[in-house]
Amino acid sequence: MDRDSRTERWERRTEIPLGVASLLYLTAYAVHVLALGDSSGAGGVVCLGVLLAAWAVFALDYAVRWRLSGEGARFVRTHWLDTLVLLLPLLRPLRVVRVYEAVLHRRGSPRLALHARVIVYAGLSVALLGFAGALAVYQQEHSEPGATIRTFGDAVWWTCATLATVGYGDVAPVTPVGRLVAVGLMACGLALLGAVTGSFSSWLLQVFSREEEPAPDEPGDGEGPPGK
């Protein structure tokens, strides 16, 4: 069995467990930021334990795929996105989109057309990424002097404006980490917006091209009526 097939088998087997671990990570982080605020109590210790356990699962998956690839140090360069996600685990919940795709394929062919699936998956990605970004910005900004993002509602509003590439400027991050998160959200917002608009445009072109095609039972140009 070659390395590619072993890697594919590993990814198929771990898709749903990694998706569950990603959701647990995001949930624990949200509880820590919104409900607890520190790690001194029992709840904080539990959240910290869940975060570390989920990250350990991510690291194990990365190490196994590295080993199966047989690429050595080159794996880090060729799989730079996986490496980035390992260092920034808040991006891991985006795996839920891949889990949804895997479940659809196990039940048979997807019910939605390709263009509709791109729009749905992009919407899910925006929702998950926006929630994670709002949490990260709120954690960094809400207690800083001179910050304009004081509540989680402010963080959500800022995230929506940033992902939509609107940028009203009424609230903005002031900390270095908050601004770094802003840069990432801007890049992701542009990429996801491009995917949605491109897929929607392609779908419209296909619809219009079908409307211009003559129906199968219609006579072609220059043909007389069918004989009786």
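Colleague: Which helix gives the most to the lining of the largest pocket?

Modeller: This is a predicted model, in which local features need pLDDT of at least 70, side-chain atom pairs count only at pLDDT 80 or more, and totals for chains, interfaces and linings use all residues. Residues are numbered from 1 along each chain as its sequence is written, and side-chain values use heavy atoms, with hydrogens and water left out. The elements giving two or more residues to the lining of the largest pocket are H1 (3–36), H6 (114–141) and H8 (176–212); helices are DSSP runs of H or I, at least four residues long, numbered from the N terminus. With seven residues, the top contributor is H8.

Colleague: What is the volume of the largest pocket?

Modeller: A pocket here is an open set of points on a 1 Å grid over the protein atoms alone, where a 1.4 Å probe fits, with protein on both sides within 12 Å along at least five of seven lines; lining residues have an atom within 4 Å of a point. The lining has 19 residues, and Leu-88, Leu-90, Leu-91, Ala-136 and Val-181 lie nearest the centre. Points are joined across faces, edges and corners, and the volume is the space filled by probe spheres set on them. For the largest pocket this comes to about 520 Å³.

Colleague: Is Leu-87 buried or exposed?

Modeller: Leu-87 is found in helix H4 (residues 80–87). Buried means under 20% relative accessible area, exposed over 50%, and partly exposed in between, with a 1.4 Å probe and protein chains only. Because its relative accessible area is 64%, Leu-87 is exposed.

Colleague: How far apart are the closest N and O atoms of Arg-65 and Asp-61?

Modeller: A salt bridge needs a side-chain nitrogen of Lys or Arg within 4 Å of a carboxyl oxygen of Asp or Glu. Arg-65 and Asp-61 are four residues apart in helix H2 (residues 42–69), so about one helical turn separates them. Both residues are buried. They form a salt bridge, and the closest N and O atoms are apart by 3.2 Å.
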